[in-house]
Amino acid sequence: MPLRTAAAVRLGNMSSKLSQKMGLGAGGMIGGRVALRLDPQALAHLTSGRSVALVTGTNGKTTSTMMLSRAMSFLGEVATNHGGANMPDGHVTALSKQPDAPYAVLEVDEGYFPEVVRAASPAVAVLLNLSRDQLDRVGEVRTIEKSLRTALSSVTGVVVANCDDIMVTSAARDSANVVWVATGTGWHNDAASCPRCGDPIRWEGAEHWRCTGCDLARPRPHWVTGDGHLVAPNGVKIELSLRLPGKFNQANAVMATAAAAALGVPVEEAVQRLRGVSNVAGRYRTIQRSGHRARLLLSKNPAGWSETLTVVREADHPAVLVINAHEADGRDLSWLWDVPFERMRGRQVIASGERATDLAVRLTYAEVEHTIVPDPLLAIDAMPPGPVEVIANYTAFRDLNARAAQ
């Protein structure tokens, strides 16, 4: 490591520790920010000589990053940022804490993906999905697709891509070495027209799709996500037996397995390691409070909420829905009208969070009977004893986790 980088990293780590001691945060960003200010090439130097996997997409990045890092630990020590600090600052912090790890798995914010690709020269790039996130925070999904498409053109390693996602397929199709994964993605509301030519997308059955104006079409998958299992490229069917709920986590697991296999991890070994994942940065954990077992679930955008509402529909438990609108959430709450809250009809629901009244308006139009309790912990207390589903967006989830740990 160059002397300038080594000095920058050392001072960055000191800043991170100081931030923790002063109670200003976990230090996951500040250390990297200091290091990059002192050496703008720090990320490139810290990834040099490592086998790097990058994970990006709208939803599932943190979970898939943890899964992939678990699978790759079969090969050796892995440096990773699966806590969610997914910009270059967080990458530098994570890598500097494990400078000798020969492998790195980095969750990457979609907007920073081109910059990180240039710095890290990944051996594997994983594209999970692309859907509309908060427009005032992230930007239009087609703009993101084009930037990822350009970035992937320079990737010489393997690109693992979700062929059931139209935007991802467009972004990855021209890459030199693509491994396609069929995930059974159910959200198509942001890709009614082709991202390349603008003509309508036509679905033929439940799986195959194609553009009506150009040659963009669903590729033949190498890996397939089944109902509780995967099918590997050699045709072998393997049960997943995950501890995490939902079909979307099965898809995350198959994407992670495909990426690990591209780096030399045996498929059975990768799946075995994924079976131990039960808690991802507080997601899916259950807290005990005043006679309640509250399961905490994170959802940040229409596609994520749609998948989570499918999971909680499996049991008719009461639900607390929590919405904030800070900068990290997106201040524009118009996206609430794209969430299929109609699925919550017939169960006990409380609208909570700093923007509980905005949520309540949407629930009213969805004909979901509800009450309003702005404090999510008090909302849990207001439910009948027993299981409660708590679904929250980003800062609401973060704050709830912190308060529940006190």
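**Salt bridges and their surroundings**

The side chains of R196 and D174 form a salt bridge, with an N to O distance of 3.1 Å. A salt bridge here is a side-chain nitrogen of Lys or Arg within 4 Å of a carboxyl oxygen of Asp or Glu. The pair links distant parts of the chain, 22 residues apart: R196 lies in the loop between strand 6 (178-182) and strand 7 (201-204), and D174 in the loop between helix 8 and strand 6. Helices (H or I, at least four residues) and strands (E, at least two) are DSSP runs, numbered from the N terminus.

This is a predicted model, in which local features need pLDDT of at least 70 and side-chain atom pairs count only at pLDDT 80 or more, while totals for chains, interfaces and linings use all residues. Residues are numbered from 1 along each chain as its sequence is written, and side-chain values use heavy atoms, with hydrogens and water left out.

How accessible are the two partners? R196 is partly exposed, with a relative accessible area of 27%, whereas D174 is exposed, with a relative accessible area of 52%. Buried means under 20% relative accessible area, exposed over 50%, and partly exposed in between (1.4 Å probe, protein chains only).

A further pair is E342 and R362, whose closest N and O atoms are 3.2 Å apart in a salt bridge. This pair also links distant parts of the chain, with E342 in the loop between strand 14 (319-322) and strand 15 (349-352) and R362 in helix 12 (residues 356-365), 20 residues apart. E342 counts as partly exposed at 30% relative accessibility, while R362 counts as buried at 4%. Elsewhere, salt bridges that share partners join R173, D174, R196 and D215 into one network.

By the stated rule, the count comes to 19 salt bridges. One of them joins the side chains of D164 and R218, at 2.6 Å from N to O. D164 lies in the loop between strand 5 (158-162) and helix 8 (166-172), and R218 in the loop between strand 8 (208-211) and strand 9 (223-225), so the pair ties together parts that are 54 residues apart in sequence. Both D164 and R218 are buried. As a general point, side chains of opposite charge can pair when their charged atoms come close.
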